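Welcome to this guided tour.

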Amino acid sequence: MPLEPGRKRTPDELNFDIVGLARILGRRLSGRDELQVRLWQNELRPTHTRQCGVHTLADPELLQQTADEALAWLAERAPAGYEFVRTDAVELRPLLDLTAPVVAVDAVIQLADTHLPAARLAASHVRRGWYAGDAVCNWSGPHETAEAAVSVVQAARAELVEQLTAAGRDDLAATAPRWPAVPVS
């Protein structure tokens, strides 16, 4: 797709962001590699408030290689039932393989391709304050304990199994024993 200054990052900017994401999530670099990242930062982000989709490197090959290594590092750390995919960003997507040892609730919901009222809460995780929700919204809570919030999500998962069965998707309902535990952070 054509570059859109101000709307879409250049490939070099995306590669730099992949390297940065891996560093934020704990990937350690050697002193030399850390210096190289700072040099790229100066070249790609010469000012604090910059317009994306404009900056490129004169020699992007090393950054591309470093971004590929960072993405491989991220892939090894994807939660069970998920994978990191590089598009015009790095996305965490559920694996759509129903034969996998772990099947993400998100994958089941996506494959069902029908309205399932329990879906939002069933795919939730529990976070501080003991809310059940996703990264943006709280769907339930606050609860008194993490266990109480987890039990609400588990009840929604049981309801989701019933809704899948009622929708004629026994194949998806049968994956419930392989759904990951409710994440608590």
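A word on names before we set off: helices (H or I, at least four residues) and strands (E, at least two) are DSSP runs, numbered from the N terminus. This is a predicted model, in which local features need pLDDT of at least 70 and side-chain atom pairs count only at pLDDT 80 or more, while totals for chains, interfaces and linings use all residues. Residues are numbered from 1 along each chain as its sequence is written, and side-chain values use heavy atoms, with hydrogens and water left out.

**Stop 1: the loop with Trp 130**

Select Trp 130, which sits in the loop between strand 3 (125–127) and strand 4 (131–133). Its phi is positive, about 60 degrees, although Trp 130 is not a glycine.

**Stop 2: Asp 113**

Now select Asp 113, in the loop between helix 4 and helix 5 (119–122). Asp 113 is a residue other than glycine with a positive phi, near 50 degrees. With a relative accessible area of 70%, Asp 113 is exposed.

**Stop 3: a cis peptide bond**

Go on to Gly 141 and Pro 142, and look at the bond that joins them: it is a cis peptide bond, with omega about 10 degrees. Pro 142 belongs to the loop between strand 5 (138–140) and helix 6.

**Stop 4: helix 4 and helix 6**

Two packed helices are described by the angle between their axes and the distance between the axes. Axes here are lines fitted to C-alpha atoms, for helices over the stretch in contact, and angles run from 0 to 180 degrees between N-to-C directions. Select helix 4 (residues 105–112) and helix 6 (residues 146–166), which pack at an angle of about 25 degrees with their axes 12 Å apart. That makes helix 4 roughly parallel to helix 6. Angles under 35 degrees count as roughly parallel, over 145 as roughly antiparallel, 65 to 115 as roughly perpendicular and the rest as oblique.

To see where they meet, show Val 105, Val 108, Ile 109 and Ala 112 in helix 4 beside Arg 157, Leu 160 and Leu 164 in helix 6. Contact means heavy atoms within 4.5 Å.

**Stop 5: helix 1**

Select residues 11–24, which form helix 1. This helix has 14 residues and reaches 20 Å from its first C-alpha to its last, close to the 20 Å expected at 1.5 Å a residue.

Which residues of helix 1 are buried? Colour Asp 12, Glu 13, Leu 14, Asn 15, Phe 16, Ile 18, Val 19 and Ala 22 to find them. They pack against helix 2 (31–44), helix 3 (61–76), strand 1 (82–86) and strand 2 (90–94).

Helix 1 and helix 3 pack at an angle of about 40 degrees, with their axes 8 Å apart. That makes helix 1 oblique to helix 3. Among the residues of helix 1 that meet helix 3 are Phe 16, Ile 18 and Val 19, and those on the helix 3 side include Leu 63, Ala 67 and Leu 74.

**Stop 6: the nonpolar cores**

A nonpolar core is a set of buried Ala, Val, Leu, Ile, Met, Phe, Trp, Tyr and Cys residues joined through side-chain atoms within 4.5 Å. The largest has 18 residues, of which Phe 16, Ile 18, Val 19, Val 37, Trp 40, Leu 63 and Leu 74 touch the most other members. Helix 1, helix 2 and helix 3 are the elements that give two or more residues to this core, and helix 3 gives the most, with six. A second, separate core of 14 residues includes Val 103, Leu 116, Ala 122 and Leu 172.

Zoom in on Trp 40: leaving aside its neighbours within four places in sequence, Trp 40 is in contact with Phe 16, Arg 45, Leu 57, Leu 62, Leu 63 and Thr 66.

**Stop 7**

Find Glu 43 in helix 2. At 37% relative accessibility, Glu 43 is partly exposed. Not counting residues up to four places away in sequence, Glu 43 touches His 55, Thr 56, Leu 57 and Ala 58.

Finish at Glu 4, in the segment before helix 1. The C-alpha atoms of Glu 4 and Cys 52 are separated by 8.5 Å, although the two are 48 residues apart along the chain.

Key
Expected span 1.5 Å × (residues − 1). Buried < 20%, exposed > 50% of the residue type's maximum accessible area, 1.4 Å probe, protein only.
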